[in-house]
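Me: Hi! Could you walk me through this structure with me? I'll ask as we go.
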Amino acid sequence: MRAAAIQPQINQMLVTFDDVSVMKQVKKTLALMRGVKSVTMPRKKRMCGLDRALKDVEEGRVYRAESVEDMFKQILA
């Protein structure tokens, strides 16, 4: 019977910030500490065109036109 390999235990800590400007400073400081293997920050999710369009609909930024001429009147007015 083979002995099972011992998996190293990974300890994590979640830190929440009110001020986003502090995050980069804290990341650099933590990276310098002994025993810290990696420091990652979640990427800001970029909204795709569909998400922006759906948000426009939710927030009422939608315009209706009876015809193309009506649309141009609204745009150029």
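Me: Let's start with D56: what is its relative accessibility, and what does it count as?
Reply: D56 has 27% relative accessibility, so it counts as partly exposed. Buried means under 20% relative accessible area, exposed means over 50%, and partly exposed is in between (1.4 Å probe, protein chains only). Keep in mind that this is a predicted model: local features need pLDDT of at least 70, side-chain atom pairs count only at pLDDT 80 or more, and totals for chains, interfaces and linings use all residues. Residues are numbered from 1 along each chain as its sequence is written, and side-chain values use heavy atoms, with hydrogens and water left out.

Me: Which side chain does D56 meet in a salt bridge?
Reply: That would be R61, at 2.6 Å from N to O. A salt bridge here is a side-chain nitrogen of Lys or Arg within 4 Å of a carboxyl oxygen of Asp or Glu. R61 is partly exposed too, with a relative accessible area of 43%.

Me: And what links D56, E59 and R61?
Reply: A network of salt bridges links them. The side chains of R61 and E59 meet in a salt bridge, again 2.6 Å from N to O. E59 counts as partly exposed, at 46% relative accessibility.

Me: How many salt bridges are there in the whole structure?
Reply: The search finds 2.

Me: New topic! Where is F72?
Reply: F72 sits in helix α3, residues 68-76. Helices are DSSP runs (H or I, at least four residues), numbered from the N terminus.

Me: Is F72 buried or partly exposed?
Reply: F72 is partly exposed, with a relative accessible area of 45%.

Notes:
Helix = DSSP H or I, 4+ residues; strand = E, 2+ residues; numbered from the N terminus.
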